[in-house]
2 protein chains.
Amino acid sequence: MTGELERLRETKTASEDIFRGNILHLFLDMVELPNGKIDHRELIRHIGAVAVIPVNENGEVVVERQYRYPIDMVMTEIPAGKLDAKDEDPLLAAKRELQEETGYTADNWTDLGPFYPAPAYSDEKIELYLAQGLHLGERHLDDDEFIDVQLVPLAELVKQVMAGEIYDAKTQIAVLRAARMLGK
Amino acid sequence: MTGELERLRETKTASEDIFRGNILHLFLDMVELPNGKIDHRELIRHIGAVAVIPVNENGEVVVERQYRYPIDMVMTEIPAGKLDAKDEDPLLAAKRELQEETGYTADNWTDLGPFYPAPAYSDEKIELYLAQGLHLGERHLDDDEFIDVQLVPLAELVKQVMAGEIYDAKTQIAVLRAARMLGK
């Protein structure tokens, strides 16, 4: 497949730095297409993120109910968060986010690999983990984080995903992958 | 759960229109948090999108190999595309994107519901469909679209998802949901 990338690749000819925020860094690039034409690409550069599906001994998943401003909705989501730095060890970030947001630590961590939520316009990469052997400790939410934590049976979450009732992409992925791994 | 939204909601107090592109419309909003503090929200407003997992009589999925500029990678993805207008019927958009990008039409369409790929910072909503009863016709790619079409057994795609080898979020979701619906 070596030739495939060369055949389909778009080559940057210019890049304009439009906006550098705390989360989103927006660029407007000019690219040369495989047919030699010039086009624009609007894209977000993102520091990267981790997500964790924590499953306890009873087959229950630790999920969060969190308000999402862009869509004005409270959603069921697995714990997740941004890396502190582009080169942060994602496993350390996953352990930190799980403990801060839910109070749980875990004995066993399985790396389920990365995915890109919006590869057409964002370089955000989310590394996904399965966490088992859970122990409940103390939460350390930031002052300005408002998150409710719930335990929901994995089998129930699978039903909700299949019924189209789980709106968050990473949570659909994590629930279906954990269910298949754990035979639910 | 009526009280949940009121309890967790963030209220817009100001909004700055930062950049209006062809795909991404970036805003920097000021919001009042549930504790009365003021914070910023960087967010993308997006017209919305559709995605289709087309499965033929032999249990093969029509997938695309497509170059994604933000991550400089050719990825395996299911057919997908943006709505032409915010209020376009997503089923019509799904039929159009499938035919334009792959040449296939389908007799049977099942709506698998919506998901949000990046609800923390984007209002993009993707409506997902399962398409069956496939017929191959002619593709109508835009001049500047470069997409290879392949047929891959659904069971093989499931293996790739579980091995962390499918990097596109919507494709992981669609493969696992179709597999569970079709008993693969």
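Two residues are in contact if their C-beta atoms, placed from the backbone, lie within 7 Å. The model discussed here is predicted.

Q: How many residues does the contact take from chain B, and how many from chain A?
A: By the cut-off of 7 Å between C-beta atoms, residues are drawn from each of the two chains. The contact takes 54 residues from chain B and 54 residues from chain A.

Q: Which element supplies the largest share of the side of chain B that touches chain A?
A: Several elements of chain B each supply at least two residues of this side, among them α1 (2-8), β1 (11-20), β8 (104-115) and α4 (169-181). The largest share amounts to 6 residues, and the element that supplies this share is α4(B).

Q: How do the residues of the side of chain B that touches chain A divide into nonpolar, polar and charged?
A: Gly is counted among the polar residues, while Asp, Glu, Lys and Arg are counted as charged. On this basis the side of chain B that touches chain A divides into 33 nonpolar, 6 polar and 15 charged residues.

Q: How are the two copies related?
A: Chain B can be laid on chain A by a turn of 180° with a shift of 0.0 Å along the axis, and the RMSD is then 0.0 Å. The contact residues of chain B recur in chain A to the extent of 100%, so that the same surface serves both copies. From the turn and the shift it follows that the copies are related as by a two-fold rotation axis.

Q: What is the order of elements in chain A from the N terminus on?
A: The secondary structure of chain A comes to 4 helices and 10 strands. The C-alpha atoms of the chain fill a box of roughly 55 × 40 × 30 Å along the principal axes. From the N terminus on, the elements run α-β-β-β-β-β-β-β-α-β-β-β-α-α.

Q: What percentage of the 184 residues in chain A is buried?
A: A residue is buried if 20 or more other C-beta atoms lie within 10 Å of its own. Of the 184 residues in chain A, the buried part makes up 39%.

Q: Is strand β1 of chain A largely buried or in the open?
A: Strand β1(A) pairs with β2 (residues 25-32) of chain A in the antiparallel sense over 8 bridges, and A:Ser15 stands opposite A:Asp29 in β2(A). The two strands form a hairpin with 4 residues between them. Of the 10 residues of β1(A), the number buried is 0, so the strand lies largely in the open.

Q: Which strands of chain A are the edge strands of the open sheet of 4 strands?
A: The order of this sheet is β7-β4-β9-β8, with mixed pairing, and the twist averages 25° from one strand to the next. An edge strand pairs on one side only, and the edge strands here are β7 (80-82) and β8 (104-115) of chain A.

Q: Which residue of β7(A) is the bridge partner of A:Val50?
A: Strand β4 (residues 49-54) of chain A is joined to β7(A) by 3 bridges, and the two run antiparallel. A:Val50 is also one of the residues that touch the most other members of the largest nonpolar core, which has 94 residues. In β7(A), its bridge partner is A:Gly81.

Q: Where does B:Met30 lie, and is the residue buried or partly exposed?
A: B:Met30 lies in strand β2 of chain B. Its contacts beyond four places in sequence are B:Thr13, B:Ala14, B:Ile38 and B:His40, and the C-alpha atoms of B:Met30 and B:His40 are 4.6 Å apart. Because a residue counts as buried at 20 or more C-beta atoms within 10 Å, and B:Met30 has 15, the residue is partly exposed.

Notes. Residues numbered from 1 in each chain as written. Chains lettered and ligands numbered in written order. Predicted model: local features only at pLDDT ≥ 70, side-chain atom pairs only at ≥ 80, totals over all residues. Core = buried A, V, L, I, M, F, W, Y, C linked by C-beta atoms within 7 Å. Buried ≥ 20, exposed ≤ 12 C-beta atoms within 10 Å, placed from the backbone. Pairing = 2+ DSSP bridges. Axes fitted to C-alpha atoms, helices over the stretch in contact; angles between N-to-C directions. Least-squares fit on C-alpha atoms with pLDDT ≥ 70 in both.
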